[in-house]
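Subject: Structure handover and notes

Dear colleague,

I am handing over the structure below, together with some notes on what was found in it. Please read the notes with the structure open beside them.

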Amino acid sequence: MADSINLISFKTLSLSEKFSFFDGEVITVINSAQDQELNDFFRGIILDDSENSNIRNKAQKIFIECVILKKIKVRQALSLLMDDWNNNSDVFLKLQRLKDLYLFYNEEENDIESIFQNYIKEDENELVSEAYFNLGLINMQKGFSSNTKEETLIYLNKSEAFFSSSNEIIENRIDSQFYKIAVSIVINALNGLRGNIQQSLK
């Protein structure tokens, strides 16, 4: 497969051969294939429920890397992550999906935010925590881009609450703790509460 990208051929490989492909040979394929070929190939692996979950996860990560490198179009990524996604997917694929969707938040703000809201209802703590975390990032972003102090505080207070919820579900989640503290400092600064700023840093 070194000079081509063929989903049918890939599916005939043993599991160890598939891992070997993603550990090295995939780079050659990415450099030589066209965007539609790459899109079809990785989609075929990611959406295949019969495929090994670790292989699907590797395919998903490389798919997004291809989007970042402009080897796959953003609209193709949104099609995979939003329109064609199988909600029965492995929990780690869902978790990666949440992380990937945030990268494209500015492309489809309302729809992606709704997806995060829906994940709050999931049974898996990892997914719920990640959904809260991303909602915290979104509201922090809205707060920093608001035109008034009042609107900024509304969004930042929401952001702080989402980060707090994320950390409560997954104990000692460092990223949630960090952003919660950072947002809290900004809120206290806007409110002129210097004593509270020092408390936030403890």
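Predicted model: local features only at pLDDT ≥ 70, side-chain atom pairs only at ≥ 80, totals over all residues.

Residues are numbered from 1 along each chain as its sequence is written, and side-chain values use heavy atoms, with hydrogens and water left out.

Helices here are DSSP runs (H or I, at least four residues), numbered from the N terminus. Helix H4 (residues 53–68) packs against helix H6 (residues 91–103) at an angle of about 5 degrees, and their axes are 10 Å apart; the axes are lines fitted to C-alpha atoms over the stretch in contact, and angles run from 0 to 180 degrees between N-to-C directions. H4 and H6 are therefore roughly parallel to each other, a term for angles under 35 degrees. Arg56, Asn57, Gln60, Lys61 and Ile64 of H4 meet Phe92, Leu93, Gln96, Arg97, Asp100 and Leu103 of H6, where contact means heavy atoms within 4.5 Å.

The largest nonpolar core has 42 residues, and those with the most contacts inside it are Phe22, Phe42, Phe63 and Phe104. Such a core is a set of buried Ala, Val, Leu, Ile, Met, Phe, Trp, Tyr and Cys residues joined through side-chain atoms within 4.5 Å, buried being under 20% relative accessible area with a 1.4 Å probe and protein chains only. H4 gives the largest share of this core, seven residues. Leaving aside residues up to four places away in sequence, Phe22 touches Phe10, Phe42, Ile45, Ile55, Lys58, Ala59 and Ile62. Another core, of eight residues, lies apart from the largest one and has among its members Leu137, Leu156, Phe163 and Ile187.

Arg56, which lies in helix H4, counts as buried at 3% relative accessibility. The side chain of Arg56 makes a polar contact of 3.2 Å with the side chain of Asp49, a polar contact being a pair of N or O atoms within 3.5 Å, of which, within protein, one must be able to donate a hydrogen and the other to accept it, and residues adjacent in sequence count only if both atoms are side-chain atoms.

Gln76, in helix H5, is also buried, with a relative accessible area of 5%. The side chains of Gln76 and Gln36 are joined by a polar contact of 3.1 Å, and a polar atom of the Gln76 side chain lies 2.9 Å from the backbone nitrogen of Lys73.

With best wishes

Methods: Helix = DSSP H or I, 4+ residues; strand = E, 2+ residues; numbered from the N terminus. Parallel < 35°, antiparallel > 145°, perpendicular 65-115°, else oblique. Buried < 20%, exposed > 50% of the residue type's maximum accessible area, 1.4 Å probe, protein only.
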